[in-house]
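User: Hi! Could you walk me through some local features of this model, one question at a time?

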Amino acid sequence: MRAKVDQTRTPIFTALKQYVNDGVLPFHVPGHKQGRALAELKEYVGEKVLAMDLTCMPDLDNICNPRSVIREAEELTAAAYGADYAFFLVNGTTSGIQAMILALCKPGDKIIIPRNAHRSALGGLILSGARPVYIEPEINSDYGISMGVTPERVEWALKEHPDAKAVFIISPNYYGTLPPLADIVKVAHRYDVPVLVDEAHGAHLKFHPALPLSSMEAGADLAAVSAHKLAGSLTQSSFLLAKGHRIDPKHLKAVLNISQTTSPSYILLASLDVARKQMALHGRELLDRTLEIAGWIRQELTRIEGLRVLGKEVIGLPGCSDLDPTKITVNVQELGLSGYEMENLLRQQYGIQVELSDLYNVLLLISIGDDWEMAGRLVEAFRDIARRRSPKNVVRFCPPLPAIPRMLVSPREAFYSQTHSIELEYAEGEISAEAITAYPPGIPLICPGEIITREVIDYVNLLKKEHADLQGPEDPELKYIRVLKDTVSMVERETVSRAGGLA
């Protein structure tokens with residue numbers, strides 16, 4: 001049983017304040033010397049902010065081998081989140097996701113991973129040399145968004161690939177839907193395979209009983225958590241949480257020391273420290289207000305003709321066991337608008353910026369930083385836009401996704417191979433060096449190392465006609481795509497390898 005900890009403490013923030021209050025004369029980096037060399041910035045942001053921009057030293061600890069204030073702050077965070085270990089990240093959740101993959105996968109190892117995993121996971125595959133076993137998430141065609149993966153798909157993948165080293169899961173996704181994570185964990189653990197969770201959008205879940213289960217509560221082994229998104233810390237600051245016997249914390253820390261900066265921003269570290277304290281002590285009451293505000297916004301937007309709001313009706317559908325109510329997905333099709341157009345209207349005419357937009361929707365993120373005045377302005381802006389438009393029955397095309405193409409080489413091999421650019425229209429049969437991701441629903445049509453099919457090419461052309469958002473390739477117009485130069489020899493090598501395997 002964990003000993004009771006004092007969540008009122010902020011070890012890093014307290015040490016920083018002590019350093020500033022002591023009036024230490026700095027003959028160390030950073031070279032701006034507490035803002036003396038950045039007068040214009042200091043005038044705008046304030047003297048104390050730059051005085052706190054410090055480096056590793058005895059009284060401030062060292063992130064590579066924490067023994068004092070950083071170590072204590074991480075232990076407090078682990079206790080707050082119900083983890084065995086916590087590691088502070090200043091390279092964002094991207095570094096946490098890549099560290100999870102690197103800690104469990106060597107070159108050639110398999111990892112079961114959703115097709116719609118964040119691009120940082122692709123970076124983890126390239127860095128580790130792991131071979132992905134992709135599984136498709138469920139799709140909600142009404143809103144054109146991807147949901148979660150099902151336990152059944154995870155079990156199928158584990159049966160087909162019993163040598164997989166890990167299962168990677170997204171929970172919650174960008175739109176706030178959660179897969180049945182506890183059930184997925186049970187499936188994976190039956191095979192003694194650890195579960196890694198991209199919990200970038202779930203830093204707040206642990207702190208209110210009305211919110212869905214957090215990754216640690218669901219029994220996951222590792223989770224990369226964006227504290228800056230919904231727990232109040234500064235941008236680029238995150239946690240990596242670990243729990244259970246399947247993870248070696250020393251090896252995980254060794255991986256982080258390879259991939260993370262040795263010169264962390266102490267302003268970011270202090271923000272993690274303070275955000276953890278705030279959520280541990282006051283998260284329930286802060287989230288009470290947040291949920292009340294989010295509920296009122298949902299209710300008011302639902303009453304506006306021409307708007308649809310993603311709600312509890314999706315709970316229980318395949319790939320969705322719960323919904324985070326602080327994420328509000330607003331479908332604007334019946335106003336005759338795309339999500340992109342609605343985002344632009346809100347920003348240019350009302351001074352309101354949404355979290356994201358896609359072909360159908362805008363996504364609103366409600367956090368502990370919102371208040372009733374902000375909520376009122378938001379709802380009134382939607383009302384005003386709707387009043388100016390006549391409701392329409394707008395049908396935008398979102399056809400079924402093409403089949404996942406065959407992977408011929410690993411993402412790492414594709415990344416390091418020689419490539420050249422050709423017209424997409426003539427790329428059938430080539431091995432892609434790039435990913436193409438379609439929004440909606442945010443799922444790659446092709447990933448590095450996969451053979452480009454005519455089905456994928458035709459689908460891209462169809463989405464271009466629909467003005468959907470296609471991301472990934474160097475060519476923003478997606479007329480050209482980078483492919484591997486020696487595709488023919490690789491196809492021949494794969495054919496020989498398969499034939500040998502069958503003999």
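User: Good to know. What kind of model is this, and how are residues numbered?

Analyst: This is a predicted model, where local features need pLDDT of at least 70, side-chain atom pairs count only at pLDDT 80 or more, and totals for chains, interfaces and linings use all residues. Side-chain values use heavy atoms, with hydrogens and water left out, and residues are numbered along each chain as its sequence is written, from 1.

User: Which backbone nitrogen lies 3.1 Å from a polar atom of the N140 side chain?

Analyst: First the location: N140 sits in strand β4, residues 139-140. Strands (E, at least two residues) and helices (H or I, at least four) are DSSP runs, numbered from the N terminus. N140 also touches I145, M147, L310, V314 and L317, leaving aside residues up to four places away in sequence; touching means heavy atoms within 4.5 Å. The backbone nitrogen at 3.1 Å from a polar atom of its side chain belongs to Y143.

User: In the open sheet of 4 strands, which strands stand at the edges?

Analyst: The order of this sheet is β11-β13-β15-β14, with antiparallel pairing; two strands pair if DSSP finds at least two bridges between them. Each edge strand has a single partner, so one side of each is left without a neighbour in the sheet. These edge strands are β11 (308-309) and β14 (356-357).

User: At about what angle does helix α11 run to β13?

Analyst: Helix α11 (residues 266-302) lies across β11, β13 and β15 (361-365). Axes are lines fitted to C-alpha atoms, for helices over the stretch in contact, and angles run from 0 to 180 degrees between N-to-C directions. For α11 and β13 the angle is about 10°.

User: Turning to the other open sheet, with 3 strands, what does the twist average from one strand to the next?

Analyst: The strand order is β18-β17-β19, and the pairing is antiparallel. β18 (443-446) and β19 (469-471) are the edge strands, each pairing on one side only. From one strand to the next, the twist averages 35°.

User: What is the bridge partner of Y439 in β19?

Analyst: β17 (residues 436-439) is joined to β19 by 3 bridges. T437 stands opposite Q471 in β19. For Y439, the bridge partner in β19 is D469.

User: And in the hairpin of β17 and β18, which residue takes a positive phi near 80°?

Analyst: β17 and β18 run antiparallel and are joined by 3 bridges, with I436 partnered by I446 of β18. The hairpin has 3 residues between the strands. The residue with the positive phi near 80° is G442.

User: Which element supplies the largest share of the lining of the second largest pocket?

Analyst: A pocket is an open set of points on a 1 Å grid over the protein atoms alone, with protein on both sides within 12 Å along at least five of seven lines, while a cavity is a set where a 1.4 Å probe fits but cannot get out; lining residues have an atom within 4 Å of a point. Grid points are joined across faces, edges and corners, and a volume is the space filled by probe spheres set on the points. The second largest pocket holds about 460 Å³, and of its 16 lining residues R71, E74, E75, Y85 and F87 are the closest to its centre. The largest share of the lining, 4 residues, comes from α4.

User: About how much space lies in the largest cavity?

Analyst: The count comes to 4 cavities of 30 Å³ or more. Residues lining the largest cavity include P114, N116, M147 and P179. Its space is about 60 Å³.

User: Last one: which residue does a cis peptide bond join to V29?

Analyst: Omega of this bond is about 5°. The residue in question lies in the loop between α1 (11-21) and α2 (39-45). V29 is joined by the cis bond to P30.

Terms used: Polar contact = N/O pair within 3.5 Å; in protein donor to acceptor, adjacent residues only side chain to side chain.
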